Amino acid sequence: MFPSWLTPKASKEAPIPSETEQHAVLGTGLHAPLSTDQEDALFACGCFWGAEKGFWKLPGIITTAVGYAGGHQEQPTYQEVCSGRTGHTEIVRVVWNKSIIDFSDLLKLFWECHDPTQGNRQGNDRGSQYRSAIYTTTIQQMELAQASRDSFQQLLSRGGFGAITTEIKADQQFHYAESYHQQYLAKPGSRPYCSAMPTQVALNDFPGANFKLPVSVWQEYDWSVSHCVLRSGNEIIKP
(Lines give C-alpha, C1' and ligand atoms only; values in the text may rest on other atoms or scores of the structure.)
Protein backbone atom coordinates (compact mmCIF):
# COMPACT_ATOMS: atom_id res chain seq x y z
CA MET A 1 0.00 0.00 0.00
CA PHE A 2 1.58 3.25 -1.16
CA PRO A 3 0.68 6.67 0.20
CA SER A 4 -0.53 8.82 -2.71
CA TRP A 5 2.59 10.98 -2.67
CA LEU A 6 5.01 8.02 -2.94
CA THR A 7 4.91 6.34 -6.32
CA PRO A 8 6.60 3.00 -7.04
CA LYS A 9 8.75 4.70 -9.70
CA ALA A 10 10.02 7.37 -7.31
CA SER A 11 10.86 4.74 -4.71
CA LYS A 12 12.72 2.54 -7.19
CA GLU A 13 14.97 5.34 -8.36
CA ALA A 14 15.73 6.95 -4.99
CA PRO A 15 19.27 6.56 -3.58
CA ILE A 16 20.08 5.05 -0.20
CA PRO A 17 22.07 7.10 2.36
CA SER A 18 25.77 7.50 1.65
CA GLU A 19 28.44 6.62 4.19
CA THR A 20 28.71 10.31 5.09
CA GLU A 21 25.01 11.18 5.35
CA GLN A 22 24.07 12.77 8.67
CA HIS A 23 20.94 12.61 10.79
CA ALA A 24 18.67 15.53 9.86
CA VAL A 25 17.95 16.34 13.54
CA LEU A 26 20.81 14.94 15.63
CA GLY A 27 23.61 15.75 13.18
CA THR A 28 25.27 12.37 13.74
CA GLY A 29 26.38 9.93 11.05
CA LEU A 30 23.80 7.36 9.96
CA HIS A 31 26.59 4.82 9.33
CA ALA A 32 28.89 5.72 12.25
CA PRO A 33 30.47 2.63 13.92
CA LEU A 34 29.55 1.87 17.51
CA SER A 35 31.84 3.01 20.32
CA THR A 36 32.32 1.01 23.52
CA ASP A 37 29.58 2.89 25.38
CA GLN A 38 26.99 2.38 22.67
CA GLU A 39 24.58 -0.35 21.52
CA ASP A 40 22.13 -0.69 18.67
CA ALA A 41 18.91 -2.60 18.06
CA LEU A 42 16.06 -2.63 15.53
CA PHE A 43 12.41 -1.80 16.25
CA ALA A 44 9.41 -2.18 13.93
CA CYS A 45 6.08 -0.69 14.99
CA GLY A 46 4.16 0.16 11.83
CA CYS A 47 5.12 2.92 9.40
CA PHE A 48 8.74 3.79 10.15
CA TRP A 49 8.36 7.57 9.83
CA GLY A 50 6.56 8.16 13.13
CA ALA A 51 8.41 5.37 14.89
CA GLU A 52 11.78 6.91 14.07
CA LYS A 53 10.71 10.31 15.36
CA GLY A 54 9.51 8.76 18.61
CA PHE A 55 12.95 7.24 19.20
CA TRP A 56 15.18 10.13 18.12
CA LYS A 57 13.48 12.43 20.67
CA LEU A 58 14.67 10.35 23.64
CA PRO A 59 17.68 11.59 25.66
CA GLY A 60 20.79 9.50 25.04
CA ILE A 61 19.99 8.53 21.46
CA ILE A 62 23.07 8.81 19.24
CA THR A 63 21.41 8.27 15.88
CA THR A 64 18.43 6.63 14.20
CA ALA A 65 17.82 5.42 10.66
CA VAL A 66 14.90 3.79 8.91
CA GLY A 67 15.22 0.69 6.80
CA TYR A 68 14.15 -2.85 6.17
CA ALA A 69 14.96 -6.08 8.06
CA GLY A 70 13.68 -9.58 8.71
CA GLY A 71 13.39 -10.55 5.05
CA HIS A 72 15.24 -12.64 2.50
CA GLN A 73 16.33 -10.25 -0.27
CA GLU A 74 19.52 -8.20 -0.43
CA GLN A 75 19.12 -4.42 -0.67
CA PRO A 76 15.34 -4.30 -1.12
CA THR A 77 13.67 -1.10 -2.29
CA TYR A 78 10.63 0.50 -0.73
CA GLN A 79 8.57 -0.69 -3.67
CA GLU A 80 9.75 -4.26 -3.25
CA VAL A 81 9.17 -4.28 0.51
CA CYS A 82 5.65 -2.89 0.04
CA SER A 83 4.88 -5.72 -2.37
CA GLY A 84 5.18 -8.14 0.54
CA ARG A 85 7.37 -10.50 -1.48
CA THR A 86 10.69 -9.79 0.28
CA GLY A 87 9.54 -10.61 3.81
CA HIS A 88 10.99 -7.42 5.30
CA THR A 89 9.36 -5.13 7.81
CA GLU A 90 9.71 -1.35 7.95
CA ILE A 91 12.08 -0.84 10.85
CA VAL A 92 14.11 1.72 12.80
CA ARG A 93 17.74 1.22 13.75
CA VAL A 94 18.43 2.93 17.08
CA VAL A 95 21.90 3.63 18.47
CA TRP A 96 22.14 4.84 22.06
CA ASN A 97 24.54 5.82 24.83
CA LYS A 98 24.29 3.15 27.53
CA SER A 99 25.28 5.54 30.31
CA ILE A 100 22.27 7.79 29.63
CA ILE A 101 19.50 5.49 28.47
CA ASP A 102 18.89 1.78 28.93
CA PHE A 103 17.46 -0.79 26.53
CA SER A 104 14.59 -1.03 29.04
CA ASP A 105 13.64 2.57 28.24
CA LEU A 106 13.60 1.82 24.53
CA LEU A 107 11.37 -1.18 25.15
CA LYS A 108 8.97 1.02 27.11
CA LEU A 109 8.62 3.37 24.15
CA PHE A 110 8.32 0.48 21.72
CA TRP A 111 5.51 -1.33 23.51
CA GLU A 112 3.57 1.85 24.30
CA CYS A 113 3.80 3.61 20.91
CA HIS A 114 1.79 1.05 18.90
CA ASP A 115 -0.55 -1.92 19.21
CA PRO A 116 1.61 -5.07 19.13
CA THR A 117 -1.42 -7.37 18.80
CA GLN A 118 -2.44 -6.44 15.25
CA GLY A 119 -0.37 -8.97 13.27
CA ASN A 120 0.46 -7.87 9.74
CA ARG A 121 -0.91 -4.38 10.08
CA GLN A 122 -0.89 -1.23 12.16
CA GLY A 123 -4.00 0.86 11.98
CA ASN A 124 -4.87 1.55 8.34
CA ASP A 125 -1.57 0.16 7.07
CA ARG A 126 -1.86 -3.49 6.08
CA GLY A 127 0.81 -5.94 4.98
CA SER A 128 3.69 -7.95 6.43
CA GLN A 129 5.95 -4.88 6.17
CA TYR A 130 3.93 -3.28 8.98
CA ARG A 131 4.31 -6.15 11.45
CA SER A 132 5.65 -5.49 14.94
CA ALA A 133 9.21 -6.68 15.59
CA ILE A 134 12.26 -6.36 17.81
CA TYR A 135 15.59 -7.51 16.41
CA THR A 136 18.25 -7.68 19.10
CA THR A 137 22.05 -7.55 18.91
CA THR A 138 23.06 -8.94 22.32
CA ILE A 139 22.00 -11.81 24.56
CA GLN A 140 20.91 -9.39 27.29
CA GLN A 141 18.74 -7.48 24.83
CA MET A 142 17.01 -10.72 23.86
CA GLU A 143 16.34 -11.59 27.51
CA LEU A 144 14.93 -8.13 28.23
CA ALA A 145 12.81 -8.09 25.08
CA GLN A 146 11.21 -11.41 26.00
CA ALA A 147 10.70 -10.43 29.64
CA SER A 148 9.11 -7.12 28.68
CA ARG A 149 6.83 -8.87 26.19
CA ASP A 150 5.61 -11.31 28.83
CA SER A 151 4.95 -8.51 31.31
CA PHE A 152 3.23 -6.32 28.72
CA GLN A 153 1.06 -9.25 27.63
CA GLN A 154 -0.33 -9.54 31.13
CA LEU A 155 -1.17 -5.84 31.15
CA LEU A 156 -2.75 -5.99 27.70
CA SER A 157 -4.84 -9.02 28.62
CA ARG A 158 -6.23 -7.17 31.63
CA GLY A 159 -7.16 -4.36 29.27
CA GLY A 160 -9.05 -6.67 26.94
CA PHE A 161 -6.44 -6.92 24.18
CA GLY A 162 -5.45 -10.12 22.41
CA ALA A 163 -2.13 -11.92 22.07
CA ILE A 164 1.05 -10.04 21.19
CA THR A 165 2.21 -10.87 17.66
CA THR A 166 5.57 -9.10 17.87
CA GLU A 167 8.41 -10.98 16.21
CA ILE A 168 11.53 -11.14 18.40
CA LYS A 169 14.71 -12.35 16.72
CA ALA A 170 18.45 -11.85 17.04
CA ASP A 171 21.01 -10.50 14.58
CA GLN A 172 18.85 -9.60 11.60
CA GLN A 173 20.49 -7.73 8.74
CA PHE A 174 19.51 -4.09 8.41
CA HIS A 175 19.15 -2.49 4.99
CA TYR A 176 19.00 1.31 4.88
CA ALA A 177 15.86 2.75 3.32
CA GLU A 178 16.08 5.39 0.63
CA SER A 179 17.41 8.80 1.67
CA TYR A 180 14.07 10.58 1.38
CA HIS A 181 12.65 8.28 4.08
CA GLN A 182 15.38 9.14 6.60
CA GLN A 183 14.00 11.45 9.32
CA TYR A 184 11.17 12.15 6.89
CA LEU A 185 8.93 13.94 9.40
CA ALA A 186 11.66 16.49 10.19
CA LYS A 187 12.24 17.52 6.59
CA PRO A 188 10.71 20.55 4.85
CA GLY A 189 7.63 19.68 2.84
CA SER A 190 6.99 16.39 4.60
CA ARG A 191 3.38 15.31 4.94
CA PRO A 192 2.48 14.29 8.51
CA TYR A 193 1.49 10.64 8.52
CA CYS A 194 1.29 8.03 11.25
CA SER A 195 -0.83 4.89 11.47
CA ALA A 196 0.27 3.77 14.94
CA MET A 197 -2.50 2.70 17.31
CA PRO A 198 -1.21 2.98 20.91
CA THR A 199 -3.14 0.86 23.40
CA GLN A 200 -2.71 3.44 26.21
CA VAL A 201 -1.36 0.60 28.36
CA ALA A 202 1.86 1.60 30.15
CA LEU A 203 4.84 -0.69 30.62
CA ASN A 204 6.40 -0.19 34.01
CA ASP A 205 8.77 -2.51 35.86
CA PHE A 206 9.52 -5.98 34.49
CA PRO A 207 12.17 -8.63 35.31
CA GLY A 208 15.63 -7.28 34.51
CA ALA A 209 14.46 -3.74 33.80
CA ASN A 210 16.87 -0.91 34.56
CA PHE A 211 15.08 2.27 33.54
CA LYS A 212 17.31 5.34 33.46
CA LEU A 213 15.05 8.06 32.09
CA PRO A 214 12.99 10.15 34.54
CA VAL A 215 9.20 10.20 34.55
CA SER A 216 9.26 13.69 33.06
CA VAL A 217 10.48 12.27 29.75
CA TRP A 218 7.48 9.97 29.40
CA GLN A 219 5.12 12.84 30.11
CA GLU A 220 6.15 14.22 26.71
CA TYR A 221 4.38 11.27 25.08
CA ASP A 222 0.61 11.41 25.48
CA TRP A 223 -0.74 8.28 23.81
CA SER A 224 -4.32 9.36 24.51
CA VAL A 225 -3.84 12.07 21.87
CA SER A 226 -4.31 10.81 18.32
CA HIS A 227 -0.96 10.68 16.49
CA CYS A 228 0.86 12.12 19.50
CA VAL A 229 4.30 11.93 17.87
CA LEU A 230 3.16 13.95 14.85
CA ARG A 231 1.88 16.73 17.07
CA SER A 232 5.20 17.15 18.91
CA GLY A 233 8.35 18.99 17.89
CA ASN A 234 11.44 17.36 16.43
CA GLU A 235 13.82 18.34 19.21
CA ILE A 236 15.29 16.00 21.81
CA ILE A 237 13.36 15.86 25.08
CA LYS A 238 15.22 17.46 27.96
CA PRO A 239 15.07 15.36 31.19
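This short talk covers the charged side chains of the structure and how they pair.

This is a predicted model, in which local features need pLDDT of at least 70 and side-chain atom pairs count only at pLDDT 80 or more, while totals for chains, interfaces and linings use all residues. Residues are numbered from 1 along each chain as its sequence is written, and side-chain values use heavy atoms, with hydrogens and water left out.

The structure holds five salt bridges, a salt bridge being a side-chain nitrogen of Lys or Arg within 4 Å of a carboxyl oxygen of Asp or Glu. One of them joins Asp40 and Arg93, at 3.1 Å from N to O. Asp40 sits in strand 1 and Arg93 in strand 3, so this pair ties together parts 53 residues apart in sequence. Strands here are DSSP runs of E, at least two residues, and helices are runs of H or I, at least four, numbered from the N terminus. Asp40 is buried at 14% relative accessibility, and Arg93 is buried at 11%. Buried means under 20% relative accessible area, with a 1.4 Å probe and protein chains only.

Next, helix 4. Lys108 and Glu112 form a salt bridge, with the closest N and O atoms 2.6 Å apart. These residues, Lys108 and Glu112, are four apart in helix 4, about one helical turn.

Now Asp102, in the loop between strand 3 and helix 4.

Notes:
Buried means under 20% relative accessible area, exposed over 50%, partly exposed in between (1.4 Å probe, protein chains only).
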